[in-house]
Amino acid sequence: MNEVEKLGAIKHMGDIAATNIAGSMATMFGVEVEMAISSVNLIAVDSIPRLIGVADDEIVVGSFIYFEGFMSGSALCILTTQSAYEVAGILLEGMEEESVSDGTFTGMQQSALTEFTNIIASSFIDIWANTLNAEVTQHPPAFARDFMASIIDESLIDASKAGDFAFMFDSLLSVTGSDISLEVLVLPEMDSLQMVFDNITPRTIDNLQSQL
Amino acid sequence: MNEIEKLSAIKRMGEDSAQKIAESMSTMFGLEVEMAISSINMVATDNIPKFTGVTNEAIVAGSYIGFSGFLSGSVLCILSIESAREIASILLAGMGEESSEERPVLTEMEQSSITELGNIITSSFIDTWANTLYVEVTQHPPAFSCDYMSAIINASLMDSSKVGEFAFMFDSLISVTDHDVDLEVLVLPDLESMQKIFDRIVISTLDAA
């Protein structure tokens with residue numbers, strides 16, 4: 001198999017994972033969630049916020065998770081502060097007594113938001129596990145409210161990679177009929193990405209076709 | 001060379017060519033030009049407008065230029081109407097100013113200066129590739145378009161009938177920092193050409209790039 005075919009397979013895995021995330025979110029929310037964009041990008045780590053359209057000085061809300069095993073890397077979920085409040089509100093269904101919107105998030109709001117990142121990471125891990133028989137474990141998620149560049153830096157276990165380029169799965173999910181949108185980023189480490197390339201066979205493609 | 005090494009070589013080629021575009025523009029027009037982002041993306045062709053942050057209803061100005069030879073595909077330069085007017089007025093240096101009364105969205109002179117810019121951008125890109133990979137690539141005459149971004153992309157991909165599938169896209173955002181002008185440069189080699197690039201990359205490509 002040549003490189004373009006393998007990349008096509010990797011792209012398909014990302015598409016399936018993003019569709020599954022939208023599906024799981026729809027179940028959680030009880031609303032329609034659309035996968036607006038799914039892409040695979042090669043980009044310098046410090047250009048990621050700009051690519052996503054987040055200004056350098058904008059504070060965003062995010063949660064991230066580190067996973068390791070056959071595949072190692074991090075999964076992030078980035079929202080605007082406004083979207084984060086709305087999402088937390090929907091998930092908690094008024095369980096929170098007081099609603100503040102001064103930029104702070106209660107423990108419950110934070111855990112509701114980090115729960116998302118669990119779903120995101122699991123969706124990607126599942127697809128790799130199913131198609132490549134790979135074993136991957138995920139770590140507990142973390143919550144952050146900061147500049148996007150700082151959140152990304154923090155999520156990358158090897159901080160020295162900040163100047164390097166990253167291979168990034170980027171999906172934009174939006175909740176239909178609202179202005180809530182979530183940016184889902186998955187950044188596998190280069191070494192484990194090479195393992196994926198090495199393990200893709202024509203059978204992987206058949207396997208993917210059956211999941212589409 | 002493994003896939004990651006090849007991808008990183010291709011990534012560097014993309015960056016070098018975006019850098020070259022910024023340099024050509026600043027030398028030719030005396031502008032402060034910066035390569036704001038350079039990335040390579042795999043995205044479904046009908047998602048490209050959204051991906052670049054252009055809404056479905058927005059009309060943009062752009063030029064597209066096909067290329068063929070060892071590699072084939074197209075180069076698109078996309079600007080907002082405001083950016084297009086601004087850059088055209090810089091390039092025309094005051095020539096061709098028309099009274100605002102019956103002014104079309106972009107005058108003919110403005111349109112031709114945008115296509116000329118497209119030419120310069122395309123050759124910067126193609127030169128870098130040709131020199132790095134030692135291949136011959138011919139660039140076709142430019143076409144101007146003022147339309148929905150999806151329509152411009154469809155028109156530029158017409159020959160390759162790839163619509164609906166994913167595309168490899170070299171996406172660079174070029175900013176003219178001393179004016180309020182942003183320019184999105186999308187280079188879309190067809191998938192067959194993309195594989196040829198992979199096949200062509202050897203260790204020495206890394207040194208050349």
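Author: Two strands pair if DSSP finds at least two bridges between them. The strands themselves are DSSP runs (E, at least two residues), while helices are runs of H or I with at least four residues, and both are numbered from the N terminus. Residues are numbered from 1 along each chain as its sequence is written, with chains lettered from A and ligands numbered from 1 in the order in which they are written. This is a predicted model, in which local features need pLDDT of at least 70 and side-chain atom pairs count only at pLDDT 80 or more, whereas totals for chains, interfaces and linings use all residues.

Reader: How do you know that β2(A) pairs with β3(A)?

Author: Seven bridges join β2(A) to β3(A). The rule asks for at least two, therefore they pair. The two strands run antiparallel, and Tyr66(A) has Ser74(A) of β3(A) as its bridge partner. A hairpin of three residues links β2(A) to β3(A).

Reader: Which bridges join β2(A) to β5(A), and in which sense do these strands run?

Author: There are six bridges between β2(A) and β5(A), and the direction is antiparallel. Another partner of β2(A) is β4(A), residues 136-138, which pairs with it in the antiparallel sense over three bridges. There, Gly69(A) stands opposite Val136(A).

Reader: What is the pattern of chain A along the sequence?

Author: Chain A reads α-β-α-β-β-α-α-β-β-α-β-β-α-α. That comes to seven helices and seven strands.

Reader: Why is a radius of gyration of 17 Å said to agree with a compact globule?

Author: The radius of gyration is taken over C-alpha atoms, and the globule rule is 2.2 Å times the number of residues to the power 0.38. For 212 residues a compact globule would come out near 17 Å, and chain A has 17 Å, so the value agrees. The C-alpha atoms of chain A fill a box of roughly 55 × 40 × 25 Å along the principal axes.

Reader: What makes Ala58(B) exposed?

Author: Ala58(B) has 12, so it is exposed. Ala58(B) sits in the loop between α2 and β2 of chain B. Buried residues make up 46% of the 212 residues in chain A.

Reader: How do you know that the buried residues of α5(A) line one face of the helix?

Author: In α5(A), residues 148-155, the buried residues are Met148(A), Ile151(A), Ile152(A) and Ser155(A). Seen down the axis they fall within an arc of 100 degrees, so they line one face. The arc is that of the directions from the helix axis to the C-beta atoms. The cover over these residues includes α2 (48-52), β2 (59-69), β3 (73-79) and β5 (142-147) of chain A.

Reader: What makes a set of residues a nonpolar core?

Author: Its members are buried Ala, Val, Leu, Ile, Met, Phe, Trp, Tyr and Cys residues joined through C-beta atoms within 7 Å. The largest one has 128 residues, and Ile120(A) and Phe124(A) are among those with the most contacts inside it. Helix α4(A), residues 107-132, gives the most to this core, with eleven residues. Two residues are in contact if their C-beta atoms, placed from the backbone, lie within 7 Å. Leaving out residues up to four places away in sequence, Ile120(A) touches Ile21(A), Ala75(A), Cys77(A) and Val184(A).

Reader: How many residues of chain B are in contact with chain A?

Author: There are 23 residues of chain B in contact with 23 residues of chain A. β1(B) gives the most to chain B's side, with seven residues. That side holds twelve nonpolar, seven polar and four charged residues, where Ala, Val, Leu, Ile, Met, Phe, Trp, Tyr, Cys and Pro count as nonpolar, Asp, Glu, Lys and Arg as charged, and the others, Gly among them, as polar. Strand β1(A), residues 33-44, runs antiparallel to β1(B), and five bridges join them. Leu42(A) has Ile40(B) as its bridge partner.

Reader: What is the phi of Asn133(A)?

Author: It is positive, about 50 degrees, although Asn133(A) is not a glycine. Most residues other than glycine have a negative phi. Asn133(A) lies in the loop between α4 and β4 of chain A. With 11 other C-beta atoms within 10 Å, Asn133(A) is exposed.

Definitions and conventions: Buried ≥ 20, exposed ≤ 12 C-beta atoms within 10 Å, placed from the backbone.
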